[in-house]
Amino acid sequence: MEPRRPGRTVIDPKVRQVGFFAPAAAPERTQSTPIEPSSSPPVSDMSPSGNSLSPVMIPPPRHASDTHILLAGNSRPVPHFPPVPSSPLRRSTDAVPVVGSYNPSDAFKLDVASEFPDDSSEVTASPGLVRRSGSGKFASSLPSGGGYDLMVGKMNNMAAAATTGASSLTTVSVVSNLAPGVSEKAGGTLVELQNDHPENAKPLKEKTSKAERRALQESQRAAKAAAKAESSKGPVVSGAVASGNAKQAKPAKPSTHNKDSASVATVEKKGGDRQSEKDRKKDVPHPRLQFDDKSRVEKAKKRAIVKQTEAMNRVELFRHLPQYEHGTQLPVLESKFFQLDPMHPAVYKVGLRYLTGDISGGNARCIAMLQAFQEAIKDYSTPPEKTLIRDLTAKISSYVSFLIECRPLSISMGNAIRFLKSRIANLPLNLSESEAKALLQSDIDRFINEKILLADKVIVKHAVTKIRDGDILLTYGSSSAVEMIFLHAHELGKHFRVVVVDSRPKLEGQLLLRRLVAKGLSCTYTHINAVSYIMHEVTRVFLGAASVLSNGTVYSRVGTACVAMVAHAFRVPVLVCCEAYKFHERVQLDSICFNELGDPDTIAKVPGRMEINYLNNWTHSENLQLLNLIYDATPSDYISMIITDFGMVPPTSVPVIVREYRREQLWL
Amino acid sequence: MSEVSSFQNPNPNPKISAYYQTRAAHHGVVTSDWLAQAHAAVGIGPDSDDFSTAAGAEPSSVGKGFSVIDEFNNWRKQPDLAEAVAAIRALASVIRSSNATTMMELEIELKKASDSLKSWDTTSISLTAGCDLFIRYVTRTSALEYEDFNSAKSRLIERAEKFGEISYKARRIIAMVSQEFIFDGCTILVHGFSRVVLEVLKTAAQNRKLFRVFCTEGRPDRTGLRFSNEMAKLDVPVKLLIDSAVAYSMDEVDMVFVGADGVVESGGVINMMGTYQIALVAHSMNKPVYVAAESYKFARLYPLDQKDMAPALLPIDFGVPIPSKVEVERSARDYTPPQYLTLLFTDLGVLTPSVVSDELIQLYL
């Protein structure tokens, strides 16, 4: 109730609309949006550049006084907006940045779209460049940036061309190293496009901010063009080095465009502080692709092998996560099988199996991926004039981005990839290619054996000590580790009963149930709806996990949090079984910021029961959104113990394990 | 063969945990039950003695010239020696008498000895923890560090000898670090007889702090009576409560001080029966609960609930005969979960319960 009060919503500069509501103005909301009838408000609210920037950007001085008045007494009529009721005021605070050009990137996006409606590639490419400069990255890397901006700001548009010419001269010398990387990666086309672009540059009007951005962009183009001319003579090796640097700085970056930007950022540094900059970058987690960031998604799409069509009606809160129409990709991919030159068939096969859901579960997916990589490494040969370490890392990266397109990586896979890449990067230089390949393959084997298979055995050994005769053990979903624990305890002759709790739509519990019953365990099967009923007779809850995060939060199949909370309320100990290689140093407080969306159709339809498919033709209705989350986050308060290959530890000790053994895990 | 079988059922008197036998002997508490059982123990005793002398007589091929358990029991009789220290001394004598020639051999021998010690009394946590700690130390010491095997061996023995000192020092350190928490005019509730807590309060009294102590009676072995005796000797105002009066007098109490039989991985403690309910009462009245424990009591155990550990049994004297149909709960200790503890005073410093696991991980992995 409290947060709904108008006073609070007015004070709050960032409006996060929580809940499920339509992206277009919903009928009952129409009266609350009189200020911006033309644009659809939630989209502008959720646009990442507008909303997720630091609050420093938000309050314009003129408006701050308004909020002060509102703070002083929100019942008092506000002189600036007399006709507006109190609740839309918050919308007006959102609108201000756009109007007052506090949000340059958005403004620019609009400008570009209006000015070059035909040149689509240019439109998609440019906002990214400028946004990055707006976010301060570029400005910090170019020391003269601030002054330069100011200068351009004073210039009128007649002189703009001259300035760009002059400034391009100054920047060329700095950026010249960049060009090989760019020309190699993006091909000549983009640069050529940019090359001939200045001719059809239109005179700029109205806004100074637009002029600024425009000038900056043109100077960059000129610099690139000049650099390209230089690079045609220059050595090719430097390009390889530059791209290699970029990759090392951001190893798991999915998009090649981002790599370019990284090379811009790193190469523009002088040699001295490049190292420290790289280190700093390593510390900062690289941003995940946010799927409500339209321009980046567009770019990512262009490179994508798997053509995914995005689902129409997505839940507002989860727009930053990818959601595609399911069932459309497979035929396309199959038809492409012989065209996909760079993709190794083993990787391709694994990717397709992820896509269809053949392989699921953290361990299975991780093992399948590692084995595919093993195959790929076996068949790998270093191209001429390249080094194995760098080229293979690039190869693996491309495989990984293909796998991400098929299905977002699990955290276990992410850790395994990190391991593999660090092994490649740390290969001794004097090894021959075949030796290096053999070493890598045996490393992967060791990882699978020690970190996954052996770890499971240790977990089973520990967990079995917590099962007593007469226990009733509850599990949720299907976890391979938990299954092994039950089977082993049964082999030891312990007498216990298992309650398998399951949920739609995957019904993975049935598979587990089948295997347990076949082995002669006595089982009870129920759905999650009945968990609060069944819990009072349960003595232990065993859960699997996709990952355990640094604050002890357990990231697992959706529904796990519910089971853990019910168990906690009934004072039943909750034991989470998770191999240490799945631990992650990230901290997550909710299930929103990072998650995976499944096929929404599966929750709308019940297969084989036509008579209750009430939502048959509704899935494309505008004001219906379906949310099929795959994971959720269980707070550490509800977890009694985490059983891992380092023994049984409380959730508060996860950071210790991450801290002490992360290094060892990477080096194995 | 006989050797193995005697190790499997080594405790001659299964009705009372060996740990509490020692404690009763140390504390001079004699109950009628205890006397009867002591008699019974004597009846069985000679057997095991026979065996150990027999084993000692022939220089066996295993290299075990004597019984580690006897050695342990000898050490244990010294009242000021902690159980873990006795265990380590016993293991040191294993090293001394062993005729192993390699480090690996010695390790295996030690492992066997510690296993038999542990299985001799599964209820004693500090015994288990002490054995584990020493084995850990041995495996971390490689003979390569020293010029030859013999010097490594003597180094290990030296270390084991020192351990008693270390344990004594640990108590001093704990007494020092906990002084800041005792303020003038405070009332401290103490449960059980803990040498560490005694040391803490002794130091506080020597530092001329003015405080009052409430002692619970500590049924069934009346440890509270003994503790109040000690307090009276120090001229500290002390009041005895029956165990069920804890909640009644909790509003007068400023802090609760308890020792620990063992500190487990979750950060909770296993201690004398009644600690859990005192902690619960204190928690609900927002009074801090402080645990004083040496770091060698940290054990790699993780009980999930009260019944999740080997029960240590204790005879209970009700004063009147109990009909045979009536069942008696004879467990001597309980487990207090970490959320009811405020701080742990250890020789590693003042720790929150969650740090225990961190220390254990660093110690054992």
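User: Which residues are linked with Asp305(B) in a network of salt bridges?

Analyst: A salt bridge is a side-chain nitrogen of Lys or Arg within 4 Å of a carboxyl oxygen of Asp or Glu. Here Lys466(A), Arg468(A), Asp471(A), Arg540(A), Asp305(B) and Asp308(B) are linked in such a network. Over all chains, the structure holds 26 salt bridges. This is a predicted model, in which local features need pLDDT of at least 70 and side-chain atom pairs pLDDT 80 or more, while totals for chains, interfaces and linings use all residues. Residues are numbered from 1 along each chain as its sequence is written, chains are lettered from A and ligands numbered from 1 in the order written, and side-chain values use heavy atoms, without hydrogens and water.

User: Where does the pair Asp305(B) and Arg468(A) sit?

Analyst: The two side chains meet at 3.9 Å, N to O. The pair crosses between chains: Asp305(B) is in the loop between β7 (289-292) and β8 (333-336) of chain B, and Arg468(A) is in the loop between α22 and β1 (471-476) of chain A. Helices (H or I, at least four residues) and strands (E, at least two) are DSSP runs numbered from the N terminus.

User: Are Asp305(B) and Arg468(A) buried or partly exposed?

Analyst: Buried means under 20% relative accessible area, exposed over 50%, and partly exposed in between (1.4 Å probe, protein chains only). Asp305(B), at 23%, is partly exposed, and Arg468(A), at 27%, is partly exposed too.

User: Which salt bridge joins buried residues?

Analyst: One of them is between Asp443(A) and Arg423(A), at 2.8 Å, N to O. Asp443(A) lies in helix α22 (residues 433-464) and Arg423(A) in helix α21 (residues 411-425), so the bridge ties together parts 20 residues apart in sequence. Relative accessibility is 5% for Asp443(A) and 18% for Arg423(A). In chain B, Lys297(B) and Glu294(B) have their closest N and O atoms 3.1 Å apart; Lys297(B) is buried at 13% and Glu294(B) at 2%.

User: What is the nearest side chain of opposite charge to Arg365(A), and how far away is it?

Analyst: For charge, Lys and Arg count as positive and Asp and Glu as negative; His and the chain ends are not counted. Arg365(A), in helix α19 (residues 362-378) of chain A, is buried without a salt bridge, and Glu596(A) is the nearest opposite charge at 4.6 Å. Contact means heavy atoms within 4.5 Å. Beyond four places in sequence, Arg365(A) touches residues including Tyr354(A), Arg407(A), Met413(A) and Tyr631(A).
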